[in-house]
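Here is a short briefing on one protein model. Keep the sequence and the 3D view open as you read.

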Amino acid sequence: MFQQFFGMDAMPFSKSIATDDVLATSSLKELVARLTMAVRERGIGLVTGDIGSGKSTAVRAFLASLDPNKYICVHLVCPLNSPSALYRAILVALNQPLPFGPTAQIALIRTTLADLVNNRKIPLVIIDEAHLLPAAVIDPLRTLLAADLDSKSLAALILIGQSDVKRMLQLSTLQAFAQRITAKVQLEPLSLEATLAYIQHHLKVAGLSDGITIFADDALRRIADYTLGTPRRINLLCTAALIAAAADKKKIVDDIAVRRAINDLEHE
């Protein structure tokens, strides 16, 4: 394996990176600050970004910062094609039975969430791939979680999705929901400086000594130009370049290795 060839202890550029090892970029710090405010108030947070921008990783790092004794996280993954599918998914995540019919399901969800709140817990519903939610499912979320004539909420809500979800929320039928969003975070591509820091950070996490780099300057420039600051693309290209360099017994990943890696990725 190339990790041993380069003297690493672990796989670099892995999407399963431990939350403690996620690079604390300015974007991540902003996300944590905004979502912390929204969750404390049991509000709605919206995290958007292009494919591979690191949305799920960033939210995972945020969730790891929460006190597990205070916050009860309910993770949902799309597709949720109907309100009934939404209600069933929430009940399963809450380890509750599935009563027959949406009316009974809604009542049980609200009772369960209210009991948690009364016990000084903050329920947090997280929906990933929210751009796949049909409009017919989004507004029921608002009414499902509302309490005290819509002046309070039974749970905080975080939607994670591609930028398309913002356009969907502009529909007139969803304005009541959109106006209740208390925190919006758009994850932008990494700058050149942040891209270089990201690469060096992942090498350090994998076991290389701080300050040691195995990527040549021209290789780094090509990686930054090709990936356009998208973390997933950086991960894929850096991994492929490391493999290419190791195959040629090169201890430094040069521009030739990166160009070979790009060719391999484009012809998979």
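**Packing inside the model**

L159 touches G45, L46, V47, I127, A130, L133, L141 and F177, leaving aside residues up to four places away in sequence. Contact here means heavy atoms within 4.5 Å. This is a predicted model: local features need pLDDT of at least 70, side-chain atom pairs count only at pLDDT 80 or more, and totals for chains, interfaces and linings use all residues. Residues are numbered from 1 along each chain as its sequence is written, and side-chain values use heavy atoms, without hydrogens and water.

**Nonpolar cores**

- A nonpolar core is a set of buried Ala, Val, Leu, Ile, Met, Phe, Trp, Tyr and Cys residues joined through side-chain atoms within 4.5 Å.
- Buried means under 20% relative accessible area, exposed over 50%, and partly exposed in between (1.4 Å probe, protein chains only).
- The largest core has 35 residues, and L86, I127, L133, L157, L159 and F177 touch the most other members.
- Helix α6 (residues 135-145) gives the most to this core, with five residues.
- A second, separate core has 31 residues, including I199, A245, V258 and A261.

**Helix α4**

- Helices (H or I, at least four residues) and strands (E, at least two) are DSSP runs, numbered from the N terminus.
- In α4 (residues 83-93), A85, L86, Y87, I90 and L91 are buried.
- The buried residues of α4 pack against β2 (71-77), α5 (102-118), β3 (122-128) and α6.

**S14**

- S14 sits in the loop between α1 (2-5) and α2 (26-40).
- S14 has a relative accessible area of 21%, so it is partly exposed.
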